[in-house]
Amino acid sequence: MSFLELSLKLKGFPLAQAEKELSRIQSLNNEEFKEWHIKKKWEIVKYHILNNEFYKNKTAGKIPDSWEELPVLTKSDFQNSNVKLISDTFNKKDLYTGYTSGSSGHPFNYAKDKSAHAMTWALIKNRYKNFGLTLNSKQARFYGIPFERLDYIIEKTKDALSNRVRFPVFDLSDEMLEVFLGKFKTTSFDYVYGYTNSIVLFARYLIKRKVILKNVCPTLKICIATSENCADEDKLIIEQAFGVPAVNEYGTSEVDLIAFEDLSGRWQLSSENIFIEVLDEDGKRLTGGGEGRILLTALHNKAMPFIRYEIGDKAVIEPGSNEIVIKKLLGGVNDLVILPSGKKSSGVTFYFITRSILENIGSLKEFIIKQTEPDKFIFEIVSDEDISEKDKSKLQNKMDTYLEPGLKFEIRRVDRIERTKAGKMKHFHSHLK
């Protein structure tokens, strides 16, 4: 049993029960599954109308005649709610809680009941099995890590127990990438996991060095890109450099794993856990293919009503099918930070710089960061209040720590923040040529 599975068990998350339920759902034939899906999505609606004050207000306490009459919820609905978001049937000790802002710059707290969270991990375990991986497979993790002493120790401990080695994305200089390569020469990794732009940068370095990663780390099976969309051209670069397939994982922390690519590049939706809709600009379901907004309904989460929840991403779907077949996901990829010293860092670094400060500003609705000069950054925020001088000082200290000293920043309050063509807000933009 992996550390993760043991940890979930000790904390009261019913993973074994969730795996059994997942297996039962997957054993249904097509007609049985469709019937189960329809029944399940209406069950969760009825549950929240009865037990959740927030959702009761959104629906006026009434179950509509058609699914399309249910309200579409957005992140701002959860941010701006003045009523209780958690269902009356749960205490905090019965919940998995988290905070989402990460790459989206659109923060709020969320909760999942323990059974729903266990279903998420049961599904991840199931999908990993398709690639010959377990939850205990050796992972090379291209990710960030907090530098605050206690948080750093906690993350490093979790890494050790979870059989993974972290490759921090704050310094992506050639010198550091050579250190990364050295670790692959001495460690039997099963897979690479992490942020797309950091992995691609490492892949380009390997190509420049004329090194195929599989040759120096023969145990390597696959590369899984997460958080940022890994385009086909990025996958080609990774596969050339690593000598193993590259696939996308697509999910959102507050809801679930949404989809996972298989080795042929086809998206396998997480229909066992969520109901997925793709709508056109008029709010109608796309039937003939094309590009639309993604809505998710969490089928198992009784703690918070993520029902017809618009996540801010768009998808292109295949025409000619009643079932949703995703052709392309239009998620964002953060730019690279290039500093006066020449050091390169992942745009996700700003999540670690901002999270502990901006999370605590209750009036903050959304934010992005723009690099306008090698040593200058602009924070655009949508907020009811100004950022205090004390918090500005904290931001400066974090930038000195995570990037390098001598950088300047400016905070601008704005009414709204521009989205990308995909409808998503890119968290960090570089305006350097």
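A: Two strands are said to pair if DSSP finds at least two bridges between them. The model shown here is predicted. In it, strand S7 (residues 246–252) and S8 are paired in the antiparallel sense, with 4 bridges.

Q: Which residue of S8 is the bridge partner of Tyr250?

A: The partner of Tyr250 is Ala259. S7 is joined to S8 by a hairpin of 3 residues.

Q: How many residues of strand S8 are buried?

A: In a regular strand, side chains alternate between the two faces of the sheet. A residue is called buried when its relative accessible area is under 20%. In S8 (residues 256–261), 6 of the 6 residues are buried, so this strand is largely enclosed by the rest of the structure.

Q: Let us turn to pockets. What volume does the second largest pocket have, and which residues lie nearest its centre?

A: Its volume is about 960 Å³. The second largest pocket is lined by 30 residues, and Phe33, His37, Ser271, Glu323 and Ile324 lie nearest its centre. The lining divides into 13 nonpolar, 7 polar and 10 charged residues.

Q: What span should the 22 residues of H3 have?

A: At 1.5 Å a residue, H3 should span 32 Å; its end C-alpha atoms are 32 Å apart, which agrees.

Q: Against which elements do the buried residues of H3 pack?

A: They pack against H2, helix H4 (53–59), S10 and strand S11 (290–298). Among the buried residues of H3 are Trp36, His37, Trp42 and Tyr47. His37 also belongs to the residues nearest the centre of the second largest pocket.

Q: Where does Asn397 lie?

A: Asn397 lies in helix H13 (residues 389–402). With a relative accessible area of 45%, Asn397 is partly exposed. Asn397 and Asp65 are 332 residues apart along the chain, and 55 Å separates their C-alpha atoms.

Terms used. Residues numbered from 1 in each chain as written. Predicted model: local features only at pLDDT ≥ 70, side-chain atom pairs only at ≥ 80, totals over all residues. Heavy atoms only, no water. Buried < 20%, exposed > 50% of the residue type's maximum accessible area, 1.4 Å probe, protein only. Helix = DSSP H or I, 4+ residues; strand = E, 2+ residues; numbered from the N terminus. 1 Å grid on protein atoms, 1.4 Å probe; cavity = no way out; pocket = protein on both sides within 12 Å on 5 of 7 lines; lining within 4 Å. Points joined across faces, edges and corners; volume = space filled by probe spheres on them. Nonpolar A, V, L, I, M, F, W, Y, C, P; charged D, E, K, R; others polar. Expected span 1.5 Å × (residues − 1). Contact = heavy atoms within 4.5 Å.
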